[in-house]
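Biologist: I am new to this structure and would like to learn how to read its features one at a time. Please give me the general idea behind each feature before you turn to the case in hand.

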Amino acid sequence: MASNTEKVSEEVKKISIEDDEDIVNPWDVVSSSDKGVDYSKLIKRFGSSEIDKELIDRMVKLTGKPPHHFLRRGIFFSHRDMHQILDLVEKKKGFYLYTGRGPSSESMHLGHLIPFMFTKWLQDTFDVPLVIQMTDDEKFLWKDLTIEETNKLAHENAKDIIACGFDKDKTFIFSDVEYISESTEFYKMMCKIQKLVTFNQVKGIFGFTDSDSIGKISFPAIQATPSFSSAFPQIFTGKKDVPCLIPCAIDQDPYFRMTRDVAPRLGLLKPALLHSTFFPALQGAHGKMSASDPNSSIFLTDSDEQIKTKINKYAFSGGMPTEEEHKKHGGDCDTDVSYQYLTFFMEDDDKLADIKARYSSGEMLTGELKQELITVLQNLVGEHRKTRADVTDNLVNEYMKSRKLKFDY
């Protein structure tokens, strides 16, 4: 019989999903459909639960606040144990949020904003602390970058994150390269997780091969560690049982399914999760937006002119080949990237519905739809650029200082 460290639960076995249509893992997202990944299939295959009306209504009832449009529109569509988090809220008990960023480029793009926008709403709505992991070690291991470069990028990306408006008194941003070396408790938790996950398991979960470095093989334990409050004694005054909620894109789920499998063997609580859909590349929903391809992405540092050019030149259209055909048959909002982007960034439900009706009927042309998006994005990115310009290195250091956050458990 296999030892405890060799057992692989059913939850972990199903982590890496690659079928005839979609490839979804932490490094690759590819769909054969113009409509993108089949998320209902992912829910079934990953074994998560749909964010349904009942869950959203319960959140509204407990918080007294309207649901974020990401919830209303199914952009955050899947969860693990969110009802247990709401049980805590009902009993006036606390939890904390954990999300992260892998710093591989100097500027973040629109797709990177999605989890941070939603996490900001969660922090404001539930009034809870937040830890944000900057995995500069991961990007050193996976990319052709020096560790000094990825650490510098972590600090640059932190400026974009801070510009989202997180409460400084309740937010700790940390670089793996910097924090692990100074936190004994974080390192001890990391080692405990590493001991419970075998090489065979991580090969099955993440697709590692014999030619991958031992750094890559051991990294999943580092991303798992912030899921446990004992890794942050300075924040939680040594408490080991503070529940964790992780908002992330669903391609990050393999890390946390591994984490949830390990948690009971550590005598700790499983983290809860909220999963988002992918933010499509400009060229279409076959893949997600990537920082390594500037023509697939709108960056948060792009000028108004760059945004206009990228949308007009690269945004995949669901319209017909000619104006005459378009007016007759209408456009396909399910495949049109400009419309899909508006579902993320246009908060007005009525206006969005009107655009969908007019574009689908052929009344609105592709150029007009693109102009709607250009206006929305120029405003969004423009405001972000202004806010980011006020984020100094000193302010970044304040967010990244290891300290007690303003919250009592």
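Modeller: Let us begin with the elements of the fold: helices (DSSP runs of H or I, at least four residues) and strands (DSSP runs of E, at least two residues) are numbered from the N terminus. This is a predicted model, in which local features need pLDDT of at least 70 and side-chain atom pairs count only at pLDDT 80 or more, whereas totals for chains, interfaces and linings use all residues. Residues are numbered from 1 along each chain as its sequence is written, and side-chain values use heavy atoms, with hydrogens and water left out.

Biologist: How many helices and strands does the protein have, and how much of it is made up of buried residues?

Modeller: The secondary structure comes to 20 helices and 12 strands. A residue is called buried under 20% relative accessible area, exposed over 50% and partly exposed in between, computed with a 1.4 Å probe on protein chains only; of the 409 residues in the protein, 54% are buried. Contact, which means heavy atoms within 4.5 Å, gives another overall view: among contacts between residues at least 6 apart in sequence, 78% join residues at least 24 apart.

Biologist: Which residues does L97 touch, apart from those up to four places away in sequence?

Modeller: L97 belongs to strand 6, residues 96–101, and counts as buried because its relative accessible area is 0%. Once residues up to four places away in sequence are set aside, L97 touches T119, L122, Q123, V128, P129, L130, V131, L245 and P247.

Biologist: Where does F219 lie, and with which residues is F219 in contact beyond its neighbours within four places?

Modeller: F219 lies in helix 12, and with a relative accessible area of 0% it is buried. Beyond its neighbours within four places in sequence, F219 is in contact with T135, D137, E138, L141, W142, D176 and Y255. Between F219 and Y255 there are 36 residues of separation along the chain and 9.8 Å between C-alpha atoms. I217 is also found in helix 12, which spans residues 214–224, and, leaving out residues up to four places away, I217 touches F199, V202, F208 and D212.

Biologist: Is V376 buried or exposed, and which residues does V376 touch?

Modeller: V376 has its place in helix 19, residues 366–389, and is buried, with a relative accessible area of 17%. Not counting residues up to four places away, V376 touches L342, F345 and M346; L342 is 34 residues from V376 in sequence and 7.9 Å from it in space, C-alpha to C-alpha.

Biologist: At what angle do helix 11 and helix 14 cross?

Modeller: Two packed helices are described by the angle between their axes and the distance between the axes. Axes are lines fitted to C-alpha atoms, for helices over the stretch in contact, and angles run from 0 to 180 degrees between N-to-C directions. The axes of helix 11 (residues 199–206) and helix 14 (residues 253–266) cross at roughly 145° and come within 10 Å. In this contact Q201, I205 and F206 of helix 11 meet P254, Y255, M258 and D261 of helix 14. The residues of the contact divide into 5 nonpolar, 1 polar and 1 charged, where Ala, Val, Leu, Ile, Met, Phe, Trp, Tyr, Cys and Pro count as nonpolar, Asp, Glu, Lys and Arg as charged, and the others, Gly among them, as polar.

Biologist: Where is the place of D127, and what is its phi?

Modeller: Most residues other than glycine have a negative phi. D127, which is not a glycine, has a positive phi of about 55°, and its place is in the loop between helix 6 (110–126) and strand 7 (130–134). With a relative accessible area of 39%, D127 is partly exposed. T237, likewise not a glycine, has a positive phi of about 45° and lies in the loop between helix 13 (233–236) and strand 9 (244–249); at 56% relative accessibility, T237 counts as exposed.
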